[in-house]
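Look at the sequence and the structure first, then read on.

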Amino acid sequence: MNISLDYDNTYTRDPILWNVFIANARGLGHKVYCVTMRSPQEGIQVFHDLSGKVDNIYFTNRQAKKDYMFEQGISIDVWIDDMPFFVYQDAADRPAMKVTERSLHQF
Ligand SMILES: [Mg+2]
């Protein structure tokens, strides 16, 4: 089973709990990936907390998590996330977001 574990307000809420979960899940043969909407430039604390613990860390840079992981060739079976709508939805401040009528009015 491929498991996605969110970082902000999921892992960070109780790192001790999630460290036990990650170790147990991996020990049973499952893959645990940290999938965060942070950019790699925002990743220092994520790397500090999770390098060597999870199977990999992915920074979607505000892109919807499901699409991003599909592009990486990984199918996630279970998503663990405090904001589950971001599995399917880009974050509003995604740098590459399309210019909309509303954003045009801001200039
Ligand atoms: Mg979160």
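Residues 24 or more positions apart account for 60% of the contacts in the chain with a separation of 6 or more. The model is predicted. Its chain holds 107 residues, and buried residues make up 21% of them.

**Overall layout**

Four helices and four strands are found in the chain. Along the sequence they follow the pattern β-α-β-α-β-α-β-α. The four strands form an open sheet with parallel pairing, and their order in the sheet is β3-β2-β1-β4. At the edges stand β3 and β4, each of which pairs on one side only. From one strand to the next, the twist averages 25°.

**How the strands are joined**

| Strand pair | Bridges | Direction |
|---|---|---|
| β1 (residues 2–5) and β2 (residues 31–36) | four bridges | parallel |
| β2 and β3 (residues 56–59) | four bridges | parallel |
| β1 and β4 (residues 78–80) | three bridges | parallel |

Individual residues can be followed across the sheet. Start with Ser4, which stands opposite Tyr33 in β2. Tyr33 in turn stands opposite Asn56 in β3. On the β4 side, the bridge partner of Leu5 is Ile80. In β2, Leu5 stands opposite Cys34, and Cys34 stands opposite Ile57 in β3.

**How the chain crosses between strands**

Which elements make a right-handed β-α-β unit with helix α1? They are β1 and β2, with α1 spanning residues 15–27. A further crossover leads from β2 through helix α2 (residues 44–50) to β3, and this one is right-handed as well.

**The nonpolar core**

The largest nonpolar core has 14 residues, and those that touch the most other members are Leu5, Cys34 and Val54. Each of β1, α1, β2 and α2 supplies at least two residues of this core. The element that gives the most is β2, with three residues.

Leaving aside its neighbours within four places in sequence, Leu5 is in contact with Thr10, Tyr11, Trp18, Val32, Cys34, Val54 and Ile80.

Asp77 is found in the loop between α3 (65–71) and β4. Is Asp77 buried or exposed? Asp77 counts as exposed because it has 10 C-beta neighbours inside 10 Å, and the cut-off for exposed is 12 or fewer.

Not counting residues up to four places away in sequence, Asp77 touches Met1, Asn2 and Ile3.

**Two residues with positive phi**

The loop between β3 and α3 contains Asn61, and Arg62 lies in that loop too. Neither residue is a glycine, yet Asn61 has a positive phi of about 55° and Arg62 has a positive phi of about 80°.

How exposed are Asn61 and Arg62? Asn61 has 18 other C-beta atoms within 10 Å, so it is partly exposed. For Arg62, the number of other C-beta atoms within 10 Å is also 18, and therefore Arg62 is partly exposed. A residue would need 20 or more such atoms to count as buried, and 12 or fewer to count as exposed.

**Summary**

The predicted model shows four strands in an open sheet of parallel pairing, ordered β3-β2-β1-β4.

Methods:
Residues numbered from 1 in each chain as written. Predicted model: local features only at pLDDT ≥ 70, side-chain atom pairs only at ≥ 80, totals over all residues. Pairing = 2+ DSSP bridges. Right-handed = clockwise from strand over helix to strand, strands pointing away. Contact = placed C-beta atoms within 7 Å. Axes fitted to C-alpha atoms, helices over the stretch in contact; angles between N-to-C directions. Core = buried A, V, L, I, M, F, W, Y, C linked by C-beta atoms within 7 Å.
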